[in-house]
Amino acid sequence: MTTESATTMATDAVGDHAGHPLLELSGLHTQFATRDGMVQAVHGVDLTVPAGKTVCIVGESGCGKSVTARSVLGLVDHPGHVNAGHVWWNSPTLGHVDLAAMDPKGADIRHVRAQEIGMVFQEPIASLSPMYTVGAQLGEMLRLHQGMTKQQARERAVELLTRVGIPKAHTRVDAYPWQMSGGMCQRVMIAMALAGDPTLLIADEPTTALDVTIQARILDLFRELQDETGMSVLFITHDLGVVAEIADEVAVMYLGRVVEQGTVEEIFENPRHPYTRALMGSIPTLGHTRRSAGRLSTIRGTVPHGAHRPTGCSFHPRCDVAVAGLCEVTAPRTLDDGASLIECHRWDPEALGSEVELGLPTLRREATPTTAERAHAENVTSATGNNLTESAPLLEVREVSMRFPVRSGFLNRHRADVHALDGVSLSIRPGETLGLVGESGCGKTTLGRCIVRAEDPTEGQILYSGSDDAVDLAGLHGGDLRSHQREVRMIFQDPFSSLNPRMTLGQIIGEPLVTHRVATGSELQDRVAQMLRRVGLSPDYMDRYPHAFSGGQRQRVNIARALILEPKLVVADEAVSALDVSVRAQILNLLQDLQDELDLTYLFISHDLSVVQSVCDRVAVMYLGKVVEVADTQQVFDDPQHPYTEALLSAVPIADPARRGEGRRIRLSDDLPDPIDRPAGCFFHTRCRHAVAGLCDGAPPALVPTADVVDGQDDFGRHRTACLRHSELELTGIAGTQEADR
Amino acid sequence: MTHHTIPEAGNPATAAPEALTTHEDIDQPPVRDKDRASQWRLVWWRFRSHRLAMIGLAGLIIFYSVALFAPFLAPYSSSTFDSDYIYAPPQQLHLVSDGDWGLHVYGYELEQDPDTFALTHTENPDDRIDLGFFVQGDPYTVIGPVTWDRHLIGPTDAEDPVYLLGADRLGRDLFSMIIHGTRISMTIGLVGVALAFGLGVTLGGISGYVGGRTDTLIQRAVEFFMSLPTLPLWLGLAAALPRDWGTTQRYFAITIILALVAWTDLARVVRGRFLSLRTEEFVVSARLDGARGRRVIFRHMLPSFSSHLIASLTLSIPAMILAETSLSFLGLGLRAPTISWGVLLEQAQNFRVLQDAPWLLLPGLAVVLAVLSLNFVGDGLRDAADPYRS
């Protein structure tokens, strides 16, 4: 089947049953039988997906987004099941059918899954079998569902792989999933979903596990495919930036219900539901630096567990504008004016008494700062910068390298090295926050772990100047190391695996005090209690175990554990990456407050550029084990001097649908070079659009100061970049895209 | 404990930094027992909901109580026999006869086949033998010099024959024999299991935690021990041990030597757990907290799989019971006069004997029940072992 015929088929399908939308969920209920009782994960969802449109479902985790998507195809895992409602599917072959009423193992639903609705999941590598080539896995599906011969299936597989943008598809078809990167695997998954020429593609967080550069390319692919085939997309995500990039319509879900639905422009320009507004407010947006934006707004608390659904409006305990005596008593009705939908008493003239004004004031979306504001902010930054320069660096990383040997063969011979870090030099001044960004695999986490000495660097020095003279942390052992580890602490990424589930919070937070013999008995208890209060938890929690707490609360415990020894330097390794947006904002605010209170210095490792911009004073960009650019945050974001930084910045989805499709995109290829066998010269030249043959693949560039000097900046704070062509290139940062915007 | 109510901090976005000392997380769920329950409590709660495991646990408690109180529970001592009642069939218990209440059985009427001299026993309803509780019978030692002669159940007149489960080829009461056999059968493997367990955990732990050359060395040793064929080894050992040792002593020695071979599986499991735990974030963070080697192992790593270890320990006891039974059955393990289920089963080797006295297989039933109980408990423990993974 060719692409053309697929398009016709899709248009036909739309024409056939014009009276109905392509997909219509009405009153969908899905429940799970758990130890805590019946949990209604989807609690009466009404949603329509029109033909040819992209509908995004957005919300925090635990809101029932994925379950809704899975309910459509009857893929809800045991012990869950759809217990009420309809999934009306306008099938090109079966007519107008209710998927929820079909036998989940029957032939009809299997036909729909194979030919009419494709599905793409979050973890591309986990969804493919490592034992078969991608061609075999694609081909099996084609042979099974479309009755193709082996040869036909192979040809079609190559065709599909080409269509999803896999270069050299005729050779890649014989590759195993583990030989491909995450982005490539996700393309293969999309190819599989497209195999039956579906009229609807359901994508469940398809880019969440991917780097931002890869995410941008996958989102492009979705758009291209949609333009080509006219299929509809039901896209599930927690990332409002992604929504702004891709959606036509948006449905905001909270605790198993759609609380607001409308076109993407409406939702972003005039969000009406307090939850939507709060979500919008809690994402750090590019263009707002730490000094200009201040604290992020947050949503109180966390999404409650489905078994403890609040009475009345389920959002009322976290809502700032809840009406007492109304919101906690009755559930709001659905106000549907045909185009948009909202469930909130504040917009319901019938429910609302006369004393409360109808509606909510228009949300003042923070305008992108004007040039004058920016200049002011820069002055502030440089002023603080001046303060900082007075002191010598707290930590100086000098030429640190980290190699992991690759051994193989009979005698375990040393074959090659994985170069995780390659001559990294950095300094951090006391009181500042240095951001460390880069794609996964660039060595940023390894650097953080070397600094706290969870890993031993292969070579180089890590000079730490705490209270006394500079000490090389890399050379310390035993007791000396331990005493310095009191001052350099780490906050881990995963709030679940980093807390021992078998110890109470008191034991976990108190452990450093015990091992360093700082405090015992009641003094220990007091200090732990004090620390708990500091991070916003109740001291009563001391005798509880981590399993009683949510991700955000656990991350507070992690912070408490890191801070109880009164450290000077804290390495926060993706400390907020595993958290939902609202909780993330709470934790970021907490980290900033603690920094001010306790004079902390942070090394903030993150892949999320907007978070980095909102919390960091300076930023270092890493690529393949090397620092390629380092400068003040403002400079890096406004005036990047390395093509890689430029590409990273342009890949960040911007939560503003009006700025979609500006053609500002710089796309990097999906494949990172192998850290075992790295390219010659500049490591980035294989993906760089500015690379010049004969120059960039020659001598590796050093990290050198750029020509531009900001007033009052000493040598330390100079903008540095590792690009041979930086002086001749005109690179665009965030400011540039905004200028272009106007 | 009352639930701590927390002053509302207001919208944290607008709250000044001083508001930090108040608590931002206002919608705390009420305190549940679960939140304060330790690992073992959680394991027990899970185990409790596993019905088969609870049945197994009850069975296990019964078996070990029988082992503990064997001489008191058994109607006769292990050395009591009566050649008149060789292969006597089981008697039926009666509660009422001729309007007379009381637990009793009927005595046997003996007939001898004039040609084969084989004895046949038929119950004689006129010969009523009253059973009583806490009756006087064969004396036995309780602890040290303390002896007693009361039995839980038995004939009111100690001279009367009572064979509730029939008699064996020496005319011993099979019921008493099974009870006495419980002692040896349920306990002889324990020392071996404990030894194998200790070796496995220690060597596996060292192998996984230290790594490198030590790990390679221990793993090669594991492979060597795994390649040893156990049955010929057992045979050889049975022949090689000094003749003047008692049978129990000899068997005990064999189990210990076998334990030296049997630690390998566990060592591999423990090594794997250590290897995976070593890179686990909470272990890394414990090291960064300043915990030294021993503290990391015993406080942070070991508790996270101790319940798995207990489960595997429970599951290895049945193997030892079965080994004892099968070896004794083959005549290689324990031998008379020691009494164990395996030794008792040895009598059931002959098919013709089995035809006449099928009740001789009853010790086998005891083996099955004991092994099943242990397996159920082990399975339940294994399912409950990690309460943090749903």
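In which loop of chain A is A:Glu205 found? The close-ups below start there. This is a predicted model, in which local features need pLDDT of at least 70, side-chain atom pairs count only at pLDDT 80 or more, and totals for chains, interfaces and linings use all residues. Residues are numbered from 1 along each chain as its sequence is written, with chains lettered from A and ligands numbered from 1 in the order in which they are written.

**View 1. A:Glu205 has a positive phi, near 45 degrees.** Its loop runs between strand E7 (200-204) and helix H9 (212-229) of chain A. Helices (H or I, at least four residues) and strands (E, at least two) are DSSP runs, numbered from the N terminus. A:Glu205 counts as buried because it has 21 C-beta neighbours inside 10 Å; the cut-offs, with C-beta atoms placed from the backbone, are 20 or more others within 10 Å for buried, 12 or fewer for exposed, and in between for partly exposed.

**View 2. A:Glu566 also shows a positive phi, near 50 degrees.** Look for this residue in the loop between helix H19 (551-563) and strand E19 (569-573) of chain A. A:Glu566 is partly exposed, as 14 other C-beta atoms lie within 10 Å.

**View 3. A cis peptide bond links A:His78 to A:Pro79.** Omega is near 5 degrees here, and A:Pro79 sits in the loop between helix H2 (65-72) and strand E4 (80-91) of chain A. For context, most peptide bonds are trans, and most residues other than glycine have a negative phi.
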